[in-house]
Amino acid sequence: MITVESRQPVRARSAWRPADFPGPEAFSFTLTDAHFAAFDTALAANLRAGRTVEELTAREFALETIADDVAAWRDEVQRGRGFIVLRELPRDRYSVDDLGVLFFGLGTHFGRAVSQSSMGDRLGHVLGVGGKDRRERAYRNSRELTLHTDRADVVGMLCVQNAAAGGVSGYASAHTIYNEILASRPALLEPLFAGFPYHRRGEEAPGEPAITPYRVPVFSESEGELSAVWLRAYIEMAAKELGTPLTEVELAALDYFEEVGRREDVRLTFTLEPGHAIFFNNCTMPHNRTSFEDDEDPARKRHLLRLWLMLDGGRPLTSAVHAYKGTTGILGHGGSSTYYRGHAI
């Protein structure tokens with residue numbers, strides 16, 4: 001049995017701090033003409049084949065001429081610091097539709113894309129369609145989003161257009177948060193490893209309960225790999241609907257995880273610029289976003305493309321984490337809304 005006394009800090013590169021990066025170039029890769037040529041070749045091949053964007057696989061979106069770079073990016077995400085920013089996709093070279101195909105095709109080299117909502121969207125469009133309404137899915141409203149993880153192993157984001165104001169992204173290393181809690185308040189790790197029931201917020205599959213019948217750990221370890229699942233709002237929704245208030249120590253643990261994750265010496269903040277993409281390890285990096293205001297011109301609304309990617313066993317996970325994430329993302333129901341009409345919110 002693992003005890004507080006036996007837990008050890010994570011000493012890998014994944015336990016980073018913002019101070020480790022003197023500037024964006026320290027975590028970025030600037031794309032070159034060689035990369036654009038490879039993308040162009042793959043785009044042209046799939047256009048000739050008449051494939052739709054979500055039919056693409058890594059084999060069909062072949063990138064042999066830049067295979068070493070793609071492998072290095074993937075390794076950085078899965079086994080290195082946990083993220084890579086790819087910069088300078090030319091905005092005048094690719095249409096929005098081409099960017100979608102390019103981004104999805106590149107994403108297939110990082111993992112298998114799954115549905116991100118009840119709409120069945122494997123290529124997600126991050127747009128503020130719901131304003132500040134809390135019942136709209138987070139990626140479709142403009143409210144501030146606190147640190148959280150998604151139901152995927154790897155997440156990809158590509159910026160098409162920035163907001164008129166706001167929309168700054170933040171990322172933290174879950175391993176650094178773990179190390180901080182271990183060093184300063186180790187007793188609070190136990191409720192985080194024990195986990196909590198999670199609300200499905202109306203996105204459970206047919207026959208599944210609205211709340212997980214098992215506890216999903218915030219921190220979990222499998223085969224020596226420490227992973228994190230963090231979405232406090234869904235924990236609190238479940239506790240409210242179940243009528244089982246969180247205990248004082250559970251609240252203290254959640255509060256402290258959140259407090260550490262907000263610290264300036266822990267959370268890295270930056271804004272993805274148009275033509276910039278990020279792929280990050282969702283098992284080791286919770287993320288957030290400030291609220292934003294869109295331009296009055298609909299053509300200049302904030303617009304990002306998003307991917308949820310599964311590693312299909314490429315990262316060891318506990319049975320509870322695997323059950324919570326599943327293998328298919330959120331089941332699509334063809335044309336359904338992402339608006340939540342339940343009462344626990």
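Cys 159, Gln 161, Asn 162, Ala 163, Gly 166, Gly 167, Ser 169, Thr 271, Leu 272, Arg 302 and Leu 304 form the lining of the largest cavity. The model is predicted, so that local features need pLDDT of at least 70 and side-chain atom pairs count only at pLDDT 80 or more, while totals for chains, interfaces and linings use all residues. Residues are numbered from 1 along each chain as its sequence is written, and side-chain values use heavy atoms, with hydrogens and water left out.

**Exercise 1.** State how many cavities of 30 Å³ or more the structure holds, and describe the lining of the largest cavity by class.

*Solution.* On a 1 Å grid over the protein atoms alone, a cavity is a set of points where a 1.4 Å probe fits but cannot get out, and lining residues have an atom within 4 Å of a point. There are two cavities of 30 Å³ or more. The largest cavity contains about 70 Å³ of space, a volume being the space filled by probe spheres set on grid points joined across faces, edges and corners. Its lining comprises four nonpolar, six polar and one charged residue. Here Ala, Val, Leu, Ile, Met, Phe, Trp, Tyr, Cys and Pro count as nonpolar, Asp, Glu, Lys and Arg as charged, and the others, Gly among them, as polar.

**Exercise 2.** Determine which classes line the second largest cavity and which helix supplies the largest share of that lining.

*Solution.* The second largest cavity has a volume of about 40 Å³. Its lining includes Leu 31, Phe 39, Leu 86 and Ala 277. By class, the lining holds nine nonpolar residues, no polar and no charged ones. Helix 3 (residues 96–107) gives the largest share, three residues; helices (H or I, at least four residues) and strands (E, at least two) are DSSP runs, numbered from the N terminus.

**Exercise 3.** Identify the residues nearest the centre of the second largest pocket.

*Solution.* A pocket is an open set with protein on both sides within 12 Å along at least five of seven lines. The second largest pocket holds about 320 Å³. Of its 23 lining residues, Val 10, His 175, Gly 224, Glu 225 and Leu 226 lie nearest the centre. Helix 2 supplies the largest share, three residues.
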